Amino acid sequence: MSAMELEKGHDGDLLAGKLDELLHREKQCRQNSDVNGSTKVVMEIVNILWDTKDLKRFREYLLGLSKKRGQAKKAITEMVQFAMKKIDDITNESDRLAYIETLKEVCDKKIYLEVEYARCALMLVKTKQSAAEKREAVKILEDVQVETYGSMAKREKLEFILQLMRMQLELEEYVKFLISSRKVSRKVLEDEDLVDLKLVYYSYMVRYYIHEGQHMETAEAYKAIFETLHKNRDAKKNLEGELDFGFIVSIQNSLENYVMFLLLNQHSLERHNHLHSLQTNHFITLEQFPHLDNVVKSFLSKELISTDINKYNVKDLQLFSNRVENGKKHEVAFVKQLIQHNVQIIEKYYSRISFRRFSELLQVSADEVETELCDMINAKLVYAKIDRVSGIVDFRKKRTDHEILDEWNTDISKLLDLVDQTCNLIKRDNDPTAQKN
């Protein structure tokens, strides 16, 4: 007889009687440590209760059976697994949330149900809308250490951590976001089955790095996205699109931001290596975007370049727009790097130069020249002395006493070698025997 038929008879007396009988049997099995028998009876109870469609009663029994003293782990595990499979069958949203909350309570503090607990927590978190609810949800997710769960699949772990990272970004909890991001191993992201989640991860990292003003890290994140799309050309159409926070995933967008954030970063060997690698390994792709090809070649050249941003056709790029945090600061930083590139070129060709000539070569005012030069001197990108009275910049380095003595020693040695050679030649000219030979 089914549970529905039991419930119809005599106002549910038959169902109550059947449940009392099963609960008595369950108690006997539990007290006798009959794990298989207890599990069988528990599963029969939950099946009957599910068939009644009375979710409130089902939840009460689910909670009650799990809390009984000495209840077998196997019985609780199978009961929870059965209940988890029925979540999608509940159409009413409030009933569904209450059902998941009960399951989460049943799984709480049970290490053998840690995966089920994490899944319930994630399902509840996704329903949170207000800022207060989201903060509460973040606390729940932070308490779940999914990275230590050996029984959970890589994809499921990563989805859980990404959900936590997304909510922390929404709440602007950047310190907690950084801690959460470090739970993800970069080696795991190289798995070909996780390409879509890899793009999501780096899109979140880009948002964080831009907020923190870390240009090199932003460039490296965009590089990872660009190389992923470049490598997975067949799946490119499925991977490209718009992600959370309006992040655009495409070859062009990732390459543009990779190049430009590289150039916003202060001059270094690392930046030079990135640009050289781009020109060497991706020259065909660069040629498809002339504005990027031009700017890369300009920064790799050993000549003076224009400091007018409009001549590079990059002002309309995403990183300079109002849609990106610090967009205006990025534009200022790019012009700054154009000027600093020219300062380094001038240093190679001049030992001393006047401010007037310096300003003409850089195409900026004397005050800007002095500001940039001071910044570069402090950052140890160039060595220079500024004489404001005479308006002269001196790039010659002051030599130590040891360097001067070494130079004198070298010069004297060369002089003595020349004297020795000259004496030998004179001796040969004056010696008749040597002439005959």
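**Notes on the model**

1. Ile45 makes contacts with Leu19, Leu22, Leu23, Tyr61 and Leu65, its neighbours within four places in sequence being left aside. The model under discussion is a predicted one. Ile45 belongs to helix α3. Its relative accessible area is 0%, and the residue is therefore classed as buried, the limit being under 20%.

2. With a relative accessible area of 4%, Thr39 counts as buried. Beyond the residues within four places in sequence, Thr39 is in contact with Lys74, Ala75 and Glu78.

3. Helix α4, which covers residues 55-67, contains Leu63. When residues up to four places away in sequence are not counted, Leu63 touches Thr102, Glu105 and Val106. How far apart in space are Leu63 and Leu263, C-alpha to C-alpha? The distance is 59 Å, for a separation of 200 residues in sequence.

4. The overall dimensions deserve attention. The radius of gyration of the chain is 37 Å, whereas a compact globule of 437 residues would have a value near 22 Å. The C-alpha trace spans about 140 × 60 × 45 Å along its principal axes. As to secondary structure, the chain comprises 23 helices and 5 strands.

5. Of the 437 residues, 45% count as buried. Among contacts with a separation of 6 or more, 60% are between residues 24 or more positions apart. The accessible surface amounts to about 24900 Å², and carbon and sulfur atoms contribute 48% of it.

6. The charged side chains number 67 positive and 72 negative. The centres of these two sets are 2 Å apart.

7. Which residues touch the most other members of the largest nonpolar core? They are Met260 and Phe334, in a core of 112 residues. Helix α12 (residues 195-212) makes the greatest contribution to this core, with 12 residues.

8. Apart from neighbours within four places in sequence, Phe334 is in contact with Met260, Leu263, Leu264, Val295, Phe299, Ile309, Tyr312, Val314 and Phe320. Leu263, named here as a partner of Phe334, is the residue whose distance from Leu63 was given in point 3.

9. Most residues other than glycine have a negative phi. Ser33, however, has a positive phi near 60°. Ser33 lies in the loop between α2 (13-31) and α3 (35-51). Its relative accessibility is 60%, so Ser33 counts as exposed.

10. Glu172 likewise is not a glycine and has a positive phi, of about 60°. Glu172 is found in the loop between α9 (154-170) and α10 (174-181). Is Glu172 buried or exposed? Glu172 counts as exposed, because its relative accessibility is 57% and the exposed class begins over 50%.

Methods. Residues are numbered from 1 along each chain as its sequence is written. This is a predicted model: local features need pLDDT of at least 70, side-chain atom pairs count only at pLDDT 80 or more; totals for chains, interfaces and linings use all residues. Side-chain values use heavy atoms; hydrogens and water are left out. Helices (H or I, at least four residues) and strands (E, at least two) are DSSP runs, numbered from the N terminus. The radius of gyration is taken over C-alpha atoms; the globule rule is 2.2 Å times the number of residues to the power 0.38. Buried means under 20% relative accessible area, exposed over 50%, partly exposed in between (1.4 Å probe, protein chains only). Contact means heavy atoms within 4.5 Å. Accessible areas come from the Shrake-Rupley method with a 1.4 Å probe; for residues, only the protein chains shown count as cover. Lys and Arg count as positive and Asp and Glu as negative; His and the chain ends are not counted. The place of a charge is taken as NZ of Lys, CZ of Arg, CG of Asp or CD of Glu. A nonpolar core is a set of buried Ala, Val, Leu, Ile, Met, Phe, Trp, Tyr and Cys residues joined through side-chain atoms within 4.5 Å.
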